[in-house]
Amino acid sequence: YNMMQNRTYLDWNATTPLRREARDAMTAAWDVVGNPSSIHGEGRRARGLMENARATLAAAVGAQSRNVIFTSGGTEANALALSNSLQRDKQAPDRLIVSDIEHASVLAGGQFDPDRIARLRVQRSGVVDLDALRPMLAGRPPALVSVMLANNETGAIQPVAEVADLVHEAGGLLHVDAVQAFGKIDFNIKALNVDLLSVSAHKIGGPKGTGALILAENVIGPRALIQGGGQERGRRAGTENVAAIAGFGAAVAAAVAGRASDMARIEILRDRLEQGFRQTQGKSQAGVIFSHDVARLPNTTLFGVPALKAETAVVRFDLEGIAVSSGSACSSGKVQPSHVLQAMGYGPELVRSAIRFSLGWETTDADIDRAIKAWRKLSGALLRTDETVLEQF
Ligand code: PLP
């Protein structure tokens, strides 16, 4: 990928290149003609591909195959999870608590009325505040709580097992968006004591537009958002995207097999990149690596310097052949300041300065050299506060 285009792609948290294993599985699956709901041989073959992927995914997180619901991606998995029809031990929470740093698809609140949704704050480190959660749960009706396993912008890993204890003590249910953590850190749905888990294929080398919601053993529900033919045990109707699901399964297998060695290597590259930033940043300017002092994903660094304008930096890096991301979410062409950094308590200057570098299994030493060299070249001009200089870009 990199060699063909002479590009350095450092935006793996946005999406990843398709793994060869996933491409091969999909190519083979296109020629399987059956509908997975049909009982004839053709149907059974299509179903076999799908059930194979389901078993691989279930094993990867320590769940049972029958508790895997395939969806159109992480967004739909999150939307499906946030249902006020969920049950465990006959309790169906009718209020929702979401952390301030969740993905937009969780912040949207699913099926809950906006006045039944509360926000859990995070500390400056980017980690949820457990002391704030306790009073939100105590002496009140059970809640569905949604806290992500790792944040997509900072990479900060959240204390999900501790959150689970507090939530369960109060009779509630815990949903975890594991879209960014999946394939990067090892975890298990039982060990974390999570009730519902969202994952997405395109963050781990699978196809875009495929994901899954995975339920713990004793969770009942959720009510299907899409009703019809009763596929996915009545929890997500519509003939399944067999080829994409087969690709997802192959990507999961490859990601799990390579994870330990890939991530050890990637973390070293990420740390070298951060050293490069520190050495180059202007002497008078205080650069920040967000969430640096807490447990983070090994592949992510979110970096800011007050005088920097992230959008300008992203364009300049792009012209140097390097794809990075501004910490801000960009929707319909308008750049919004990062709700994550705002929730962490940073002021507008640093918030608008944040640039994210996220690495993956194809990232090389040469990519990191190139990024550090580019930053050295660009930082002088990018860090000059004179607006007219910045306007020239
Ligand atoms: N949750 C997190 C933390 C994400 O980073 C993303 C990716 O953008 C999503 C959910 C959405 O997943 P998808 O792109 O598959 O809808």
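Trainee: Which side chain does the side chain of Ser-85 make a polar contact with?
Mentor: With that of Ser-83, at 2.7 Å. Bear in mind that this is a predicted model.

Trainee: What backbone atom does the side chain of Ser-85 reach?
Mentor: The backbone nitrogen of Arg-223, at 3.0 Å.

Trainee: And where does Ser-85 lie?
Mentor: In the loop between H4 and strand S3, the latter being residues 96–99.

Trainee: What does Ser-85 touch, not counting residues up to four places away in sequence?
Mentor: Ile-220, Pro-222 and Arg-223. Pro-222 is 137 residues from Ser-85 along the chain, yet their C-alpha atoms are separated by 5.9 Å.

Trainee: Switching to the ligand. Which residues come nearest?
Mentor: There are 13 residues around the ligand, and the nearest are Gly-74, Thr-75, Asp-177, Ser-200 and Lys-203.

Trainee: Which helix gives the most to that shell?
Mentor: Helix H4, residues 74–81, with three residues.

Trainee: How do the shell residues divide into nonpolar, polar and charged?
Mentor: Nine are polar, two are nonpolar and two are charged.

Trainee: How far is an oxygen atom of the ligand from the side chain of Ser-200?
Mentor: An N or O atom in the Ser-200 side chain is 2.6 Å from a ligand oxygen. For the side chain of Gln-180, the distance from one of its N or O atoms to an oxygen of the ligand is 2.8 Å. Gly-74 uses its backbone instead: an N or O atom there lies 2.8 Å from a ligand oxygen.

Trainee: How much of the ligand does the protein bury?
Mentor: 85% of the 390 Å² that the ligand exposes when taken alone.

Trainee: New topic, Thr-301. Where is its place, and is it buried or exposed?
Mentor: Thr-301 sits in strand S10, residues 300–304. It counts as buried because its relative accessibility is 0%, and the cut-off for buried is under 20%.

Trainee: What is Thr-301 in contact with, leaving aside neighbours within four places in sequence?
Mentor: Its contacts include Arg-270, Leu-273, Phe-277, Ile-289 and Phe-357. Glu-274 is also one of them, and a polar contact of 2.6 Å joins its side chain to that of Thr-301.

Trainee: Last one. What pLDDT does the protein average?
Mentor: The average is 93, and 93% of the residues score at least 70.

Trainee: Where does pLDDT stay under 50?
Mentor: Over residues 386–393, for which the model has twelve contacts beyond four places in sequence. Where pLDDT is low, the predicted coordinates should not be read in detail.

Methods. Residues numbered from 1 in each chain as written. Predicted model: local features only at pLDDT ≥ 70, side-chain atom pairs only at ≥ 80, totals over all residues. Heavy atoms only, no water. Near = heavy atom within 4 Å. Polar contact = N/O pair within 3.5 Å; in protein donor to acceptor, adjacent residues only side chain to side chain. Areas by Shrake-Rupley, 256 points an atom, 1.4 Å probe, with all protein chains shown as cover. Helix = DSSP H or I, 4+ residues; strand = E, 2+ residues; numbered from the N terminus. Nonpolar A, V, L, I, M, F, W, Y, C, P; charged D, E, K, R; others polar. pLDDT = per-residue confidence, 0-100. Contact = heavy atoms within 4.5 Å. Buried < 20%, exposed > 50% of the residue type's maximum accessible area, 1.4 Å probe, protein only.
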